[in-house]
Amino acid sequence: MELRLEFTIEPFVEGLPGSHVGAALDAARQLGFEPEMGPFGTTVQGESGDVLGGLGAIVGAAIAAGASRVALAVSRRQSPPSHPFLAAIGPLAEALDARIVTADDLAPGDVPLAYEGELLGGMRLPRAQGMLDRMVAE
């Protein structure tokens, strides 16, 4: 199973990431990950054993370099949609910071996605908390 790890390291340093962020990025790269930095956090993806096994090194490097807080979120990486309709709206979901879920995984609040009368899955939108900040930053 593939996992996605997102981590946010504090304190924030305006303009450039601080050495505490650089240390975590270096640790992730040494583990074979290709970290992707975003405006609100950094992500790495890989096999569950690799991601979970690397948590200690990434967090430890950040703390050793002066981080006051490291927030983590680990999620299962979704398989690419198998239906062409779901694959076609994948870029829209990504732009909305949403994800496509299977019909079996639909939860209250998900937007159902049907094609020619068949329920294929749904779009899980991000939580509203922090949405205004994300929009302003973009």
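Predicted model: local features only at pLDDT ≥ 70, side-chain atom pairs only at ≥ 80, totals over all residues.
Residues are numbered from 1 along each chain as its sequence is written, and side-chain values use heavy atoms, with hydrogens and water left out.

Q: In what order do the elements of the chain run from the N terminus on?
A: Helices (H or I, at least four residues) and strands (E, at least two) are DSSP runs numbered from the N terminus. The chain has 4 helices and 7 strands. Their order is β-α-β-β-α-β-α-β-β-β-α.

Q: How many residues apart in sequence are the parts that Arg69 and Glu10 tie together?
A: The side chains of Arg69 and Glu10 form a salt bridge at 3.0 Å, N to O (a side-chain nitrogen of Lys or Arg within 4 Å of a carboxyl oxygen of Asp or Glu). Arg69 lies in strand β4 (residues 69-76) and Glu10 in strand β1, so the parts joined by this pair are separated in sequence by 59 residues.

Q: Which helix holds both Asp26 and Arg29?
A: A salt bridge links the side chains of Asp26 and Arg29 at 3.6 Å, N to O. The two residues are 3 residues apart, about one turn of the helix. That helix is α1 (residues 19-30).

Q: Is Asp110 buried or exposed?
A: Asp110 meets Arg124 in a salt bridge of 2.8 Å, N to O. Buried means under 20% relative accessible area, exposed over 50%, and partly exposed in between, with a 1.4 Å probe and protein chains only. Because its relative accessibility is 12%, Asp110 counts as buried.

Q: Which strand gives the most to the lining of the second largest pocket?
A: A pocket is an open set of points on a 1 Å grid over the protein atoms alone, where a 1.4 Å probe fits, with protein on both sides within 12 Å along at least five of seven lines; lining residues have an atom within 4 Å of a point. The second largest pocket is lined by 17 residues, and those nearest its centre are Ile9, Phe12, Met37, Gly38 and Pro39. With 3 residues, the strand that gives the most is β1 (residues 2-10).

Q: How many charged residues are in the lining of the second largest pocket?
A: Asp, Glu, Lys and Arg count as charged, Ala, Val, Leu, Ile, Met, Phe, Trp, Tyr, Cys and Pro as nonpolar, and the others, Gly among them, as polar. The lining has 11 nonpolar and 6 polar residues, and the charged ones number none.
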